[in-house]
Amino acid sequence: QVQLVESGGGLVQAGGSLRLSCAASGRTFSSYNIGWFRQAPGKEREFVTAIGWNGARTTYGDPVKGRFTISRDNTKNTVYLQMNSLKPEDTAVYYCAAHPGSGRYFYILSIRHEEYDYWGQGTQVTVSS
C-alpha cells in the first residue's frame, strides 16, 4: 500500500510555471507506476501524464505535450510534475495516483483513472489570464 500527498499548487499567471510534487510513503514506491490527473469544476477527471516504476517510460495527454514534464526520484519517494507555459485552461485540481507496475503494467502505462488504486488529496492550480 502507498499513501500519496501532493504539493506545489498555487496561483500563477498565464505563461508561468509551477512544479508539483507527489510524495509517497511506503517501502515499495519504486514498484508503482504514477499518474497525474486533473479535474476542473463541472468536468470529468482528465489524464495528464504518467511515469513507469523505474522512470524509463512516460506518456502525456495531448493538451500538455511539450509543456509538462514528469519525473521521479525513487530515492526520495517523490514524483514531480514540471508545468511550463501554463494556460488558463490548465486550471484544475491536480491529483497524483499510483498502481503497481506489475503484470501488463510492467510495460504499459495506464491513462485510465479507473485503473489507479491509490490517490492523493489533490492540489489546486489556478492560472490567471
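In this predicted model, five residues come together as one aromatic cluster: Phe 37, Phe 47, Tyr 95, Tyr 116 and Trp 119. A search of the whole structure turns up 8 aromatic pairs. One of them joins two members of the cluster, Phe 37 and Tyr 116. With ring centres 5.2 Å apart and planes at 80 degrees, this pair counts as edge-to-face, because angles over 60 degrees fall in that class. The pair also links distant parts of the chain: Phe 37 belongs to strand β4 (residues 32-39), while Tyr 116 is found in the loop between β9 (92-100) and β10 (118-119), 79 residues apart. As for solvent, both Phe 37 and Tyr 116 are buried.

Next up is the pair formed by Trp 53 and Phe 106. Here the ring centres lie 5.1 Å apart and the planes meet at 35 degrees, so the pair is tilted. Trp 53 sits in the loop between β5 (46-51) and β6 (58-60), and Phe 106 in the loop between β9 and β10, so this contact ties together parts that are 53 residues apart in sequence.

The charged end of Arg 45 sits over the ring of Tyr 95, 4.2 Å from the ring centre, and Tyr 95 is itself one of the cluster residues. Elsewhere, Arg 72 lies over the face of Phe 29, with 4.6 Å to the centre of the ring.

Definitions and conventions. Residues numbered from 1 in each chain as written. Predicted model: local features only at pLDDT ≥ 70, side-chain atom pairs only at ≥ 80, totals over all residues. Heavy atoms only, no water. Phe/Tyr/Trp six-rings, centres within 6.5 Å; stacked < 30°, edge-to-face > 60°. Helix = DSSP H or I, 4+ residues; strand = E, 2+ residues; numbered from the N terminus. Buried < 20%, exposed > 50% of the residue type's maximum accessible area, 1.4 Å probe, protein only. Lys NZ or Arg CZ within 6 Å of the ring centre and 35° of its normal.
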